[in-house]
Amino acid sequence: MTQLGTQSHPLRVAIIGSGPSAFYAADHLLKQTDLVIEVDMFDRLPTPYGLVRGGVAPDHQKIKTVTKVFSKVAAHPHFRFFGYVEFGKAITHAEFTDYYHQILYATGAQTDRQMNIPGEHLDGSHPATAFVAWYNGHPDYRDYQFDLTQERIAVIGVGNVAIDVARILSLSTEELAQTDIADHALEALSKSQVKEVYLLGRRGPAQAAFTTPEVKELDDLAESDVVVLPAEAQLDELSRAELERNQDKSSMKKVEILQSYAQRPPGSKNKRLIIRFLVSPVEILGDSEGRVATLRLVKNELYATDAGSIASRATDQFEDLNVGMVFRSVGYRGVPLPDVPFNERWGVILNQKGRVLDPATQQPLAGEYTAGWIKRGPSGVIGTNKPDAVETVSCMLEDVAAGKTLSPSHPDGASLEQFVRERQPNYVSFEDWLKLDSAELTKGQQQGRPRVKFTSIDDMLAALGHTETVEQ
């Protein structure tokens, strides 16, 4: 049997997706000194970096500097990027197995979980991910419309995505103009008539999922006062005991900040960002035209579960909020990939420690792996994906040593590149991306902004001189 991982027979790995988990996995693979490994990374968009580009808030530029690390990975001579090549369409699962010994799926969690309440799909009720993708310039969402003539908006959820949405709605035009927010979003938000933004959490301040820096920076909003109801900022006995038992300094600081907001006298800024706790939506009511008009909330109480965690349950008290738009941010789930086993209940690829499992036997499928949110669900921050990717790559290396890989009929990089050119002549290489990146940075510099993004695939291809349009 031919020894894999040698100069004459390199281990060929395809990575589907180009976000943090994909690049962390590529980095760990390419750092192996005892194996020769070639990594090809694929993304359905022409641009790399996944949620770092399309999910991180435009006013959080420091977080985006992680792409400098990813660019160094991409500079490795055994790395190639194939952008604008969609798995399952441009190239099928079966065709990938013809060219690679291993395939790693790192496609993230691309859609929102449902709340399953009446009125959830009324006009004016949106998944938070759609709004995030819109203001970040994702090509799929650039033409979405959000009715920013509404004066009162509710964001359901208290994770980092939810607080990002609330903050973007609360920033002034001047603050937004200093970011890399998409031009169409900047223009629309500059005309916004939003006066009040509600951020709604089902449990208490100690259980809020947003991070301490996220809630602390709300104090710097130029045109928005932050409001927390004193009664909802107080800790119940269960939460207080849990914080003391765990000595969770981060959560303690978060509660301290929220309580400081609650103690402030009424402010005089143009907008209000109102953070509410212990409330859950039970129904969205529409007006005569079928548009969101009222959000009905039930007030909650906290209790200890048998497992020792703190959960919420509804009381018999209800409250109506008059809002004209709702953003749902109650969790995210992955989207199935063609011919890849999927756990519908959890919204992830069926796997064990990153090894994709056969649904029938629950045994690992040779040569198939997963990493990131599509592996474990949407948890953690960008850095959380690094140990997650290392766990998967460790399994991949163990399987190589045990001879458990795919047996491709064309295990060479030249054959794959020729195949991609035939299927998708307009594919975007990493060198192409660097040209787009330079153009965005240059335009941004001219406007005093970090960058001005391309938001249209056609514009990206035109900038690269790719004139032939090939539908995937």
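How many aromatic pairs does the count come to?

1. Basis of the note. This is a predicted model, in which local features need pLDDT of at least 70 and side-chain atom pairs count only at pLDDT 80 or more, while totals for chains, interfaces and linings use all residues. Residues are numbered from 1 along each chain as its sequence is written, and side-chain values use heavy atoms, with hydrogens and water left out.

2. Six strands make up an open sheet with parallel pairing, in the order 6-14-7-8-10-9; helices (H or I, at least four residues) and strands (E, at least two) are DSSP runs numbered from the N terminus, and two strands pair if DSSP finds at least two bridges between them. Strand 6 (125-127) and strand 9 (224-228) are the edge strands, each pairing on one side only, and from one strand to the next the twist averages 20°. Five bridges pair strand 7 with strand 8 (residues 196-200) in the parallel sense, and Ile156 has Leu200 in strand 8 as its bridge partner.

3. A helix on that sheet. Helix 7 (residues 160-170) lies across strand 7, strand 8, strand 9, strand 10 (271-276) and strand 14 (325-328), and runs at about 170° to strand 8. Axes here are lines fitted to C-alpha atoms, for helices over the stretch in contact, with angles running from 0 to 180 degrees between N-to-C directions; contact means heavy atoms within 4.5 Å.

4. Strand 12 (residues 292-304) is joined to strand 13 by ten bridges, and Asn300 has Ala314 in strand 13 as its bridge partner.

5. Helix 16. In this helix (residues 413-423), Gly413, Leu416, Phe419 and Val420 are buried, where buried means under 20% relative accessible area, exposed over 50%, and partly exposed in between (1.4 Å probe, protein chains only). Seen down the axis of helix 16, its buried residues fall within an arc of 125°, so they line one face of the helix; the arc is that of the directions from the helix axis to the C-beta atoms. The face turned away from the buried side of helix 16 carries the exposed residues Ala414 and Glu422. The cover over the buried residues of helix 16 includes strand 1 (11-16), strand 2 (37-43), strand 3 (79-83) and helix 5 (93-96).

6. Aromatic pairs. The count comes to 24 aromatic pairs, given that rings of Phe, Tyr and Trp (its six-membered ring) pair if their centres lie within 6.5 Å, with planes under 30 degrees apart counted as stacked, over 60 as edge-to-face and the rest as tilted. Phe79 and Phe430 form an edge-to-face pair, at 6.5 Å centre to centre and 90° between the planes. Phe79 lies in strand 3 and Phe430 in helix 17 (residues 430-447), so the pair ties together parts that are 351 residues apart in sequence.
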